[in-house]
Amino acid sequence: MYQPSHPIPVSIVTGFLGAGKSTLLNRLLGDPALADAAVIINEFGAVGIDHLLVERSGDSVIELANGCLCCTVRGELIDTLADLLDRMQTGKIKPVNRVIIETTGLADPVPVLMAIMAHPAIAAAFSVDGVVTLVDAVTGIEALERHDEAARQVAVADRLVITKTDLVATEVAASFAKRLAGINPTAEIVDGAAPMAASPGLLVAGLFDPARKSAEVGEWLRAAETGHDHHHHDVNRHDEHIRAFALLAGALPSRQVIEAFQHRLAREHGDHILRIKGILAIAGEPRPLVIHGVGATVYPSRYLAGWPVDCAPETRIVVIGADLSEKAVRDLFASFLNRPAIDRPDRAALEDNPLAAFGFRR
Ligand SMILES: Nc1nc2c(ncn2[C@@H]2O[C@H](COP(=O)(O)OP(=O)(O)OP(=O)(O)O)[C@@H](O)[C@H]2O)c(=O)[nH]1
């Protein structure tokens, strides 16, 4: 295998679902300092859309779909890195001066780290230059309490970026920062709104050093080196509670319809929704509409300038839920699309019902 003269730095960008990883990357990737970086995006669920949302041309964005980096596609990561080396050696691509890996929001970063650090040929060619973990000031505390992965992402970080500080009071962000420092006292904590979070230097965090982490992180790393404890092969299922599914459709009637659907979904099922994101076709509109939701928070939708290459103008929405009824979500979506069925109301019935806002159905 080709060996570069110096190991190529690898930055791991992680953070729970919807914490703002793609938003941060989009901001950083415009910087000329990252023009020669390769970006590997891993997404949970069979229908991936993140690679469409990271605005970068050419083949420098590599999608690893069909599973979570920490489990089913770990081998694929090694193959992808080996292939990158190969393509550099044979001159098929320009030399890459950094690799940025965006994990899924559900990834345990420890096996990802070990995949790189414990593989002799890969470790000779690449060095992990820090783990940057994004934490959401709005939903981060709940994620830490409910999901081990979120706590692990914080514990292994070299840098913690608190995102969405614009959406919470200063005191809330400050007390969240304290909580994070309690979990990981050695990580530098950065406000996502600070200039540093918009600079490529954010990704240069120094060689990942297990000795600077807690004893618990050391144990996780050793356990990951010796084996892997949660093998599973269903690309849509993370554990017995967390599942992803996709809502696919042609062009939707209007932006208002999808926004009304999102708010209704958040109101009725917000407790069980971890993430919703989509790229949508809207009738009569040449541009794709992008929607996002995290927990019960619905983010403003926005139009992209145009459809990404190789992406048919159709609607793809990914929903990730914890103990969420897929049928209930599909039925609600169908109601908003006015696809009537005997046992469900259509959109007009849902919206005309004066009690609908309070979650009552006819
Ligand atoms: N107000 C505000 N919104 C933000 C900020 N960062 C991200 N968002 C919004 O949060 C939503 C999710 O952001 P993404 O960047 O897609 O999150 P992600 O971590 O890549 O999501 P997954 O890959 O699904 O885990 C989007 O609507 C963003 O616009 C922020 O600092 N402030």
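Predicted model: local features only at pLDDT ≥ 70, side-chain atom pairs only at ≥ 80, totals over all residues.
**Around the ligand**

The shell around the ligand holds 20 residues, of which Gly20, Thr23, Gly105, His292 and Tyr299 come nearest. Domain 1 (8-226) and domain 2 (242-358) each contribute at least three residues to this shell. Among the secondary-structure elements, α1 (21-29), β9 (273-280) and β10 (289-294) each supply at least two residues, and α1 gives the most, with three residues. By residue class, the shell divides as follows.

| Class of shell residue | Number of residues |
|---|---|
| Nonpolar | five residues |
| Polar | nine residues |

**The largest nonpolar core**

The largest nonpolar core comprises 86 residues, and the members that touch the most other members are Val99, Leu113 and Val319. Because both domain 1 (8-226) and domain 2 (242-358) give residues to this core, it lies between them. When its neighbours within four places in sequence are left aside, Val99 is in contact with Ile8, Val10, Ala37, Ala38, Ile40 and Phe126.

**Helix α11**

In helix α11, which spans residues 326-336, the buried residues are Val329, Leu332, Phe333, Ser335 and Phe336. Viewed down the axis of α11, these buried residues fall within an arc of 160°, and they therefore line one face of the helix. In general, an α-helix has 3.6 residues a turn, so residues three or four places apart point the same way. Just after α11, Asn338 takes a positive phi of about 55°.

Note on methods. Residues numbered from 1 in each chain as written. Near = placed C-beta within 6 Å. Helix = DSSP H or I, 4+ residues; strand = E, 2+ residues; numbered from the N terminus. Nonpolar A, V, L, I, M, F, W, Y, C, P; charged D, E, K, R; others polar. Domains from an automatic or database assignment. Core = buried A, V, L, I, M, F, W, Y, C linked by C-beta atoms within 7 Å. Buried ≥ 20, exposed ≤ 12 C-beta atoms within 10 Å, placed from the backbone. Contact = placed C-beta atoms within 7 Å. Arc of directions from axis to C-beta.
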